[in-house]
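This report covers selected features of one predicted model. Please keep the sequence and the 3D view open while reading.

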Amino acid sequence: MTPLEIDTGNTAWILTSASLVLLMTPGLALFYGGMVRAKSVLNMMMMSFGALALISVLWVLYGYSMAFGNDIGAGVLGDPLEYIGLKGLMTDDPEATLPAMAFVGFQAVFAIITVALISGAIADRAKFSTWMIFSGIWASIVYFPVAHWVFDFTLTDDAGTVTHTGGWIANNLAAIDFAGGTAVHINAGVAGLALALVLGKRVGWRRDPMRPHNLTLVMIGAGLLWFGWFGFNAGSAVAANNTASVVWVNTLVATGAAALAWLLTEKFRDGHPTSLGAASGVVAGLVAITPSCSAVSPIGAILIGLVAGVLCALAVGLKYKLGYDDSLDVVGVHLVGGLWGTLAIGFLATEEAPAGVNGLFYGGGVDQLWRQAVGAFAVLLYSLVLTLIIGFVLQKTIGFRIDEEDEMAGIDNAEHAETGYDLGNLTSSLRGALTGTAPRRADEDHNHDEEVTA
Amino acid sequence: MKLVTAIIKPHMLDEVKTALESFGIEGMTVSEASGFGRQRGHTEVYRGAEYTVDLVPKVRLEVLVDDEDAKDIIDVLVKSARTGRIGDGKVWSVPVDDLVRVRTGERGLDAL
């Protein structure tokens, strides 16, 4: 056969999308960081940056191969050795129109943000070292396999021969999850619930005010997430084409509708539309439209967004009724929003949309709905059970929580020897000013500045 | 000499400062404070969870004055800081034993 040419338009869009999605993780760090108290802002942001650092390495070493290697059987796992260290993927494949590395990069940033999302459930209290070890184990035995189930499609050549076998949810079950409602949001959302249960409540939860220390950071973070999400969803078309464009518009309008719905819920229930509500509504809408953006019309997207906004605004109150400290509402926003978006396909999918399937409301019966439900709950159960086990084992061996006293004084200082803000008040830089010494390096002799001041 | 202290609403600071300047005051100390009186706090709502904020932000303004001016200055403060709504604050004065201007060493009334 004649060698195919690389499609430069598609390649440019996928590399751009990958970069957009990368920016979502620092955006998430701001979104989460602003929501905690000032004494733990750095640790909150560091959990996202830690995931960025570690998962990018694991993805290259074996993660991509576990997710997108040829299936080793029953659609549960890709061959971890096929692309180990990304071997064989650097050469210009004459049969490809998109370089393999563009797809490797695009999928890498999905793995990173999925891990980072979990951190919102365990704000203020998790040992950073244990978080990092958890991240590596969780990505390896939960995310990489689930990404294979959901994102790895079976490929056939012109003659109809299977050239690559993918995962069971995408191929055997044929559930629709365009950009990761199951693999990313249900997966991370329920993992957050599991870790919140393993670690337990923060000291003073429900007694002390734990209000967000910087809502302007939260708003910037939500804005960056929305911006990056266009790469997440529209990039998942893996081409610069009509599907990507439909998805882009659905991602815009569902998000707007969800923010509106969240604000209206607050206005009627609490009396005031809040900035945190607007930021949360944005994220709830983005989560819900993630699996469904290729399967519904823009009007369907508005409905998905409206329901997501109300549903998630109500769901974030569940933790107070049920008594788990999911600190930043990973469950209420990502698990609930992800479940809704995934199931909504079964109701609102329309043949006219790129996915080409009819849901219950469009005369398609319950065929797609049950596939969606099986996919959603399979990921939910798998992630819940494995995360509970990983979390529990880490808690019992190396410990997952910091000392109670450190937690009350602030995790930033205990875990990172830093404080987020120096706003020039008396206590901030008093020591250096009084002794007149240059900042001391940690490895210097501790008697040093006594000599200077003597 | 007297030290007159006023606890006022933060947004009234400019008005109070202008009123004191027109009276002829040449210096004052202003600091941020927080507290509550009969006004108590207020509630804030984050993702539907209600928090009671007990301590309300206030401004503390301190002026050192000659005994004979004290009563007038208290009147100026009360008049300029009043909005008529709850939470307007308090003004009081206490006697001052000694006073020194650090730069020159002047003492007592000379240091005012």
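## Conventions

A crossing of two helices is left-handed if the near helix is turned anticlockwise from the far one by less than a right angle, and right-handed if clockwise. Helices (H or I, at least four residues) and strands (E, at least two) are DSSP runs, numbered from the N terminus.

The model is predicted, so local features need pLDDT of at least 70 and side-chain atom pairs count only at pLDDT 80 or more, while totals for chains, interfaces and linings use all residues. Residues are numbered from 1 along each chain as its sequence is written, with chains lettered from A and ligands numbered from 1 in the order in which they are written.

## Helix packing in chain A

The crossing of H4(A) and H13(A) is right-handed. Helix H4 of chain A covers residues 128–151, and helix H13 of chain A covers residues 367–397. They pack at an angle of about 155 degrees, with axes 10 Å apart. Axes here are lines fitted to C-alpha atoms, for helices over the stretch in contact, and angles run from 0 to 180 degrees between N-to-C directions. H4(A) and H13(A) are therefore roughly antiparallel (under 35 degrees is roughly parallel, over 145 roughly antiparallel, 65 to 115 roughly perpendicular, the rest oblique).

Which residues make the contact? From H4(A) they include Ile133(A), Phe134(A), Ile137(A) and Trp138(A). From H13(A) they include Tyr382(A), Leu386(A), Ile390(A) and Gly391(A). Two residues are in contact if their C-beta atoms, placed from the backbone, lie within 7 Å. By class, the contact has 12 nonpolar, four polar and no charged residues. Ala, Val, Leu, Ile, Met, Phe, Trp, Tyr, Cys and Pro count as nonpolar, Asp, Glu, Lys and Arg as charged, and the others, Gly among them, as polar.

Ala74(A) is not a glycine, yet has a positive phi of about 65 degrees. Ala74(A) sits in the loop between helix H2 (41–68) and helix H3 (100–118) of chain A. Ala74(A) is exposed, with 9 other C-beta atoms within 10 Å. A residue is buried if 20 or more other C-beta atoms lie within 10 Å of its own, exposed if 12 or fewer, and partly exposed in between; C-beta atoms are placed from the backbone. Val238(A) also has a positive phi, near 50 degrees. Val238(A) lies in the loop between helix H7 (215–234) and helix H8 (242–270) of chain A. With 18 C-beta neighbours inside 10 Å, Val238(A) is partly exposed.

Ala244(A) belongs to helix H8 of chain A. Is Ala244(A) buried or exposed? Ala244(A) is buried, with 23 C-beta neighbours inside 10 Å. Leaving aside neighbours within four places in sequence, Ala244(A) is in contact with Trp13(A), Ala234(A), Ala237(A) and Ala239(A).

## Chain B

Chain B has two helices and six strands. From the N terminus, the order is β-α-β-β-β-β-α-β. The C-alpha trace of chain B spans about 60 × 25 × 20 Å along its principal axes. Buried residues make up 18% of the 112 residues in chain B.

## Where chain B touches chain A

Seven residues of chain B are in contact with 13 residues of chain A. Strand S3 (42–46) and strand S4 (49–53) of chain B each supply at least two residues of the chain B side. S3(B) gives the most, with three residues. The chain B side has four nonpolar, one polar and two charged residues.
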